[in-house]
Amino acid sequence: PSGGLFFTVIRRPELTIEGLHLETVRMQVKLARVLGRLGYPDLALMWPNDIATREPGSNRARKVSGVLQESFISGYRAQFVNVGVGINVGPTSPVQGSSSLSVSRKAVIQGLLAESELEAEVLIREWNDRCPMAERPVSFADARGGTSVRSGVFHGIDAQGFARITEESGSTGH
């Protein structure tokens, strides 16, 4: 539809359940590389699944893309992973508070298909280098539910693509 580029990539990676989030991280890095070559070299990668433009002179970023995945698990391994991507493309953003990129949808797909696979170490390092929130204070809710909000410092992602946070109490975890 007008205002965006939406597609799904079906992958059959050799991944255990613990490594599934790396598929989202992989797509974020590949998209940032492709969009960088198309005129947007300073895109920010945000955990867990967004790509944003950086606002000059501030810490703010505006979302331009999101990556979602669903997978089929058998035993402890992923049989396939569907990686869905949405990118705001065009003169204006369809969502208030987000931004849009003026790029050719065809060029994005062609560039993405031409991207080679990345070794896990390169992938994690590049993601962390592109994340403006690394080493900054964050507030977050416990993923297991509840209403309490906790605070800490975000240290980027680990080898499996999970957030590394040191809480104000001093405990470290994902």
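Welcome to this structure: Leu31, Ile87 and Trp127 touch the most other members of its largest nonpolar core, which has 37 residues. Helix α1 gives the most to this core, with seven residues. The model is predicted, with local features needing pLDDT of at least 70, side-chain atom pairs counting only at pLDDT 80 or more, and totals for chains, interfaces and linings using all residues. Residues are numbered from 1 along each chain as its sequence is written, and side-chain values use heavy atoms, leaving out hydrogens and water.

**The core**

- A nonpolar core here is a set of buried Ala, Val, Leu, Ile, Met, Phe, Trp, Tyr and Cys residues joined through side-chain atoms within 4.5 Å.
- Buried means under 20% relative accessible area, exposed means over 50%, and partly exposed lies in between (1.4 Å probe, protein chains only).
- In soluble globular proteins, nonpolar side chains tend to be buried together.
- Leaving aside neighbours within four places in sequence, leucine 31 is in contact with Phe7, Ile51, Ser65, Val67, Val85, Ile87, Val108 and Leu112; contact means heavy atoms within 4.5 Å.

**Two helices that cross**

- Helices (H or I, at least four residues) and strands (E, at least two) are DSSP runs, numbered from the N terminus.
- The axes of α1 (residues 21-37) and α3 (residues 120-130) cross at roughly 65° and come within 10 Å. Such axes are lines fitted to C-alpha atoms, for helices over the stretch in contact, with angles from 0 to 180 degrees between N-to-C directions.
- On the α1 side, Leu22, Val25, Arg26, Gln28, Val29, Ala32 and Arg33 meet Val122, Leu123, Ile124, Glu126, Trp127 and Arg130 of α3.
- Sorted by class, this contact of α1 with α3 has eight nonpolar, one polar and four charged residues. Ala, Val, Leu, Ile, Met, Phe, Trp, Tyr, Cys and Pro count as nonpolar, Asp, Glu, Lys and Arg as charged, and the others, Gly among them, as polar.
- The buried residues of α3 are Leu123, Ile124, Glu126, Trp127, Asn128 and Arg130, and their cover includes α1, β2, β3 (50-54) and β7.

**Aromatic pairs**

- A search of the whole structure finds two aromatic pairs. Rings of Phe, Tyr and Trp (its six-membered ring) pair if their centres lie within 6.5 Å; planes under 30 degrees apart count as stacked, over 60 as edge-to-face and the rest as tilted.
- Phenylalanine 72 and phenylalanine 80 are stacked, at 5.8 Å centre to centre with 10° between the planes. Phenylalanine 72 is partly exposed because its relative accessibility is 45%, and phenylalanine 80 is also partly exposed, at 25%.
- Tryptophan 127 and phenylalanine 154 have ring centres 6.5 Å apart and planes at 65°, so this pair is edge-to-face. The pair links distant parts of the chain, with tryptophan 127 in α3 and phenylalanine 154 in strand β7 (residues 149-157), 27 residues apart.
- Tryptophan 127 is buried, at 0% relative accessibility, and phenylalanine 154 is buried at 6%.

- Alanine 44 sits in strand β2 (residues 44-46) and is buried, with a relative accessible area of 0%. Not counting residues up to four places away in sequence, alanine 44 touches Asp50, Ile51, Ala52, Arg54, Arg130 and Pro132.
- Histidine 21 is found in α1 and is buried, with a relative accessible area of 15%. Beyond residues up to four places away in sequence, histidine 21 touches Trp47, Pro48, Gln69, Gln160, Gly161 and Phe162.
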